[in-house]
Amino acid sequence: MQRCLTLTVVRNSKLLLRNKVASFYRQRSAAMSGLLINQPKYAWLKELGLSEDNPGVYNGSWGGSGEVVTSYCPANNEPIARVTQATLAEYEETVQKTREAWKLWADIPAPKRGEIVRQIGDALRKKIKVLGSLVSLEMGKIYVEGVGEVQEYVDVCDYAVGLSRMIGGPMLPSERPGHALIEQWNPVGLVGIITAFNFPVAVYGWNNAIALTCGNVCLWKGAPTTPLTSVAVTKIVAEVLEQNNLPGAICSMTCGGADIGTAMAKDERVDLVSFTGSTHVGKMVAMMVQERFGRKLLELGGNNAIIVFEDADLSLVVPSAVFASVGTAGQRCTTTRRLMLHESVHDTVVERVTKAYKQVRIGDPWDPSTLYGPLHTKQAVEQYLAAVEQAKQQGGTVVCGGKVMDRPGNYVEPTIITGLAHDAPIVHTETFVPILYVLKFKTEEEAFAWNNEVQQGLSSSIFTKDMGRVFRWLGPKGSDCGIVNVNIPTSGAEIGGAFGGEKHTGGGRESGSDSWKQYMRRSTCTINYSKDLPLAQGIKFE
């Protein structure tokens with residue numbers, strides 16, 4: 001009897017276990033079938049090497065055993081696929097492998113390094129449409145902007161190839177006979193790159209291409225909400241390194257959250273930390289890096305203004321204001337957030353911009369006809385609603401938009417608010433959403449002062465035909481921003497110039513001009529090729 005009872009219990013236990021296992025796999029199968037990557041419409045994601053579950057660590061080999069995060073599409077809030085983030089132990093292993101890879105990479109001549117960067121650019125060209133589609137799907141920006149962002153990485157690669165044969169310091173005149181005075185530039189070593197959700201490809205590209213050419217290795221932590229883009233880009237770069245028999249750890253990646261970012265900021269083995277994100281987080285990163293006397297490159301917030309004078313060409317003003325305020329649904333660091341209008345043209349411009357706003361085509365970001373997509377997260381929608389309410393409380397009038405749209409996804413109406421004081425608290429707050437505050441001014445001096453009174457100093461632009469005013473704007477008493485434009489929008493910077501801003505924007509510079517110097521260390525070298533030992537400044541020591 002006891003034996004029969006035992007057998008019955010065992011059979012029931014096995015049956016229960018089988019049912020639990022079957023239930024687990026049914027749930028897993030249901031979860032997988034619910035992922036966009038498994039739908040025929042999104043089969044192109046697999047062209048990027050993506051699957052339902054993706055490793056979020058790369059250091060020459062793929063791995064990841066940390067938290068599993070799901071990436072969601074902002075246009076419908078449906079899950080795309082999953083990524084397993086890095087643990088701190090995997091971060092440690094990756095840093096060690098990356099620093100070891102630097103020993104080989106630093107010995108390769110700069111033009112040879114430039115050739116590898118050229119191949120990375122070509123590999124990106126081949127995947128530009130499918131990678132741009134992923135940016136659109138995961139970040140939420142419209143398709144043409146997604147492709148354009150990948151194009152920026154390609155363009156910076158082209159730029160870096162030429163740079164590989166040009167970087168270096170001058171030979172300076174020495175005051176001592178028989179002596180040579182030169183500047184020697186060497187790579188800093190390991191560059192940690194922390195990027196934001198709004199440009200999940202381009203910002204990494206600006207840093208990566210230039211840093212590699214200068215002889216550095218890179219460790220990338222992308223935004224936690226765009227991990228699939230980080231994985232897809234890293235796969236493209238890793239394939240190029242593999243084809244050239246180079247260590248994959250030259251371009252490492254650790255997906256993760258604040259724990260990984262904090263580890264990078266505090267790690268003395270990370271010779272330069274390039275951080276793109278909010279001023280709030282950037283300040284914390286800066287303090288952690290400074291505590292160890294490390295190097296930092298900060299690209300933070302912007303509260304950018306377009307100033308329209310009475311002589312402006314309004315046929316340029318209206319499309320510029322609309323593009324710069326509505327593009328990427330107001331989620332660019334260079335987005336126009338303040339539109340300052342001379343009192344003589346105020347009403348006309350408001351009327352024309354409002355009319356243009358109402359004609360903006362809103363829809364799925366991957367639809368070629370769409371000009372305006374969703375916000376990136378539900379939290380951004382909440383920030384939008386809070387900002388609109390604060391603006392009303394502070395005396396503003398909503399003349400266009402102001403509401404959440406009744407459709408799937410994180411869609412809000414592009415919004416124009418008039419009647420606020422130039423120094424209203426909400427006007428001085430960078431809210432990363434499509435809200436444009438319209439201000440009325442009387443004089444040039446007043447407009448320039450309003451432009452400069454906010455904490456950030458990224459981008460700015462005036463519209464005028466007065467050449468005297470143009471050069472006053474560019475001069476010491478004009479705009480205090482890192483990007484100072486005339487008759488073009490605040491957004492859409494070219495890669496050939498240095499990109500970055502002043503004050504609470506962080507002071508960093510990326511991409512073109514002499515931004516390469518941020519990724520290198522300078523030594524002043526004096527070489528005595530004579531048989532004498534003269535001292536500087538004519539000092540005698542006998």
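In which sense do strand β14 and strand β17 pair, and over how many bridges? In this predicted model, strand β14, which covers residues 336–342, and strand β17, which covers residues 435–441, run parallel to each other and are joined over 5 bridges. Within this pairing, L341 stands opposite K440 of β17.

The two strands belong to an open sheet of 7 strands, whose order is β15-β16-β17-β14-β13-β19-β20 and whose pairing is mixed. At its edges lie β15 (397–400) and β20 (483–486), each of which pairs on one side only. Neighbouring strands of this sheet are turned against each other by 25° on average, if direction is ignored. Helix α14, made of residues 467–474, lies across β13 (304–308), β19 (459–463) and β20, and runs at about 175° to β20.

The edge strand β15 spans residues 397–400, and C400 counts as buried because its relative accessibility is 9%, under the 20% cut-off. K355, by contrast, is found in helix α11, residues 346–357, and is exposed, with a relative accessible area of 56%. Although K355 and C400 are 45 residues apart in sequence, their C-alpha atoms are 9.0 Å apart in space.

The cysteines can also be examined for disulfides, and with a limit of 2.5 Å between sulfur atoms the count comes to 0. C218 illustrates this result, since the nearest cysteine sulfur, that of C251, is 5.2 Å away, and C218 is therefore in no disulfide. C218 counts as buried, at 0% relative accessibility.

Another part of the model to follow is helix α4, residues 128–139, where the geometry can be checked against expectation: at 1.5 Å a residue, its 12 residues should span 16 Å, and the end C-alpha atoms are 16 Å apart, which agrees. The helix is mostly covered, with 11 of its 12 residues buried; among them are I128, V130, L131, L134, V135, L137 and M139, as well as E138. The buried residues of α4 pack against β4 (68–72), β5 (79–84), α3 (110–126), α5 (143–163) and α7 (227–243), so that both strands and helices contribute to its surroundings. Just after α4, G140 takes a positive phi of about 110°.

A pair of aromatic rings is described by the distance of the centres and the angle of the planes. A search of the whole structure finds 10 aromatic pairs, one of which is formed by Y58 and W62, a tilted pair with 4.8 Å from centre to centre and 40° between the planes. Y58 is buried, with a relative accessible area of 6%, whereas W62 is partly exposed, at 31%. The rings of W185 and W516 have their centres 5.1 Å apart and their planes at 65°, so this pair is edge-to-face. Because W185 lies in strand β7 (residues 179–187) and W516 in the loop between β23 (510–511) and β24 (520–528), the pair ties together parts that are 331 residues apart in sequence. W185 is buried, with a relative accessible area of 10%, and W516 is likewise buried, at 9%.

Finally, F309, F441, F448 and W473 form one aromatic cluster.

Notes: Residues numbered from 1 in each chain as written. Predicted model: local features only at pLDDT ≥ 70, side-chain atom pairs only at ≥ 80, totals over all residues. Heavy atoms only, no water. Helix = DSSP H or I, 4+ residues; strand = E, 2+ residues; numbered from the N terminus. Expected span 1.5 Å × (residues − 1). Buried < 20%, exposed > 50% of the residue type's maximum accessible area, 1.4 Å probe, protein only. Contact = heavy atoms within 4.5 Å. Pairing = 2+ DSSP bridges. Axes fitted to C-alpha atoms, helices over the stretch in contact; angles between N-to-C directions. Phe/Tyr/Trp six-rings, centres within 6.5 Å; stacked < 30°, edge-to-face > 60°.
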